[in-house]
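Let's take a walk through this fold, strand by strand and helix by helix. Keep the picture open while you read.

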Amino acid sequence: MKLMFASDLHGSLSATQLVLKHFEDSGADWLILLGDLLYHGPRNPLPDNYNPAEVALYLNQFADRIMAVRGNCDSEVDQMLLHFPIEATWQQVLLEQRRLFLTHGHHYHPDKLPALRTGDVFVYGHTHIPQAEKRENIYLLNPGSASLPKGGYPASFGMLSDGVLQVLSLQQQEPIIQVSLEKRF
């Protein structure tokens, strides 16, 4: 199964359109959205081409292929515009050899992990800083932000394909960082 991850769109129509184009081109089975989809939040500047209602319309075209979690900037009003659920603060995806724990990152984060087994993957957003690494016995993946990147990184998204976790530049689709998942027996 091939999975694509995006986080922190914050209502940017141009970032959303690029994410969805890469999703279509990638052949990924699912697009996993890690929160902060429509609203920019009071601490963030307005992102490029800010248009939350249009972002919702574009995302709704892929509603049957989206899994999402709620970010700290998402609200019940946002859910009224979206045709896929966003109100869960976390979800889990079971793969053949491991579990993916999906969250935005404001409740659970690398310094406050849920109970995970060796080899599981903790997938989160919130910081707007990409990460793909193995820390102790857990893998961490943060796709960064598609609209408001921080830490000097470019706008980005994540992929899980053929046992490799990657964060790729949204503009050039080149890997920024990656880590290979070890097989579990």
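Strand S1 (residues 3-6) and strand S9 (residues 156-161) run antiparallel and are joined by 3 bridges. Within this pair, Phe5 stands opposite Gly158 in S9. A quick word on the source: this is a predicted model, where local features need pLDDT of at least 70 and side-chain atom pairs count only at pLDDT 80 or more, while totals for chains, interfaces and linings use all residues. Residues are numbered from 1 along each chain as its sequence is written, and side-chain values use heavy atoms, with hydrogens and water left out.

Helices (H or I, at least four residues) and strands (E, at least two) are DSSP runs, numbered from the N terminus. Two strands pair if DSSP finds at least two bridges between them.

S1 and S9 belong to an open sheet of 6 strands with mixed pairing, in the order S3-S2-S1-S9-S10-S11. Its edge strands are S3 (66-68) and S11 (175-180), and each pairs on one side only. From one strand to the next, the twist averages 20°; axes are lines fitted to C-alpha atoms (for helices, over the stretch in contact), and angles run from 0 to 180 degrees between N-to-C directions.

At the S11 end, strand S10 (residues 164-169) runs antiparallel to S11, with 5 bridges joining them. Gln166 has Gln178 in S11 as its bridge partner. The hairpin of S10 and S11 has 5 residues between the strands, and Gln173 there takes a positive phi near 60°.

Now for the other sheet. It is open too, with 5 strands in the order S4-S5-S6-S8-S7 and mixed pairing. Strands S4 (90-94) and S7 (131-135) each have a single partner strand, so one side of each is left without a neighbour in the sheet. Neighbouring strands here are turned by 20° against each other on average, direction ignored. Inside this sheet, S6 (residues 121-123) and S8 (residues 138-142) run parallel and share 3 bridges. Val123 has Leu141 in S8 as its bridge partner.

| Strand pair | Direction | Bridges |
|---|---|---|
| S1 and S9 | antiparallel | 3 bridges |
| S10 and S11 | antiparallel | 5 bridges |
| S6 and S8 | parallel | 3 bridges |

On to the helices. H1 lies across S1, strand S2 (30-33) and S9, running at about 170° to S1. Which other helix does H1 pack with, and at what angle? Helix H1 (residues 13-26) packs with helix H2 (residues 52-60) at about 10°, with their axes 9 Å apart. That makes H1 roughly parallel to H2 (angles under 35 degrees count as roughly parallel, over 145 as roughly antiparallel, 65 to 115 as roughly perpendicular and the rest as oblique). Leu13, Thr16, Gln17 and Leu20 in H1 meet Glu54, Val55, Tyr58 and Leu59 in H2, where contact means heavy atoms within 4.5 Å.

Zooming out, the protein has 3 helices and 11 strands. From the N terminus on, its elements run β-α-β-α-β-α-β-β-β-β-β-β-β-β. The C-alpha atoms fill a box of roughly 45 × 30 × 30 Å, taken along the principal axes.
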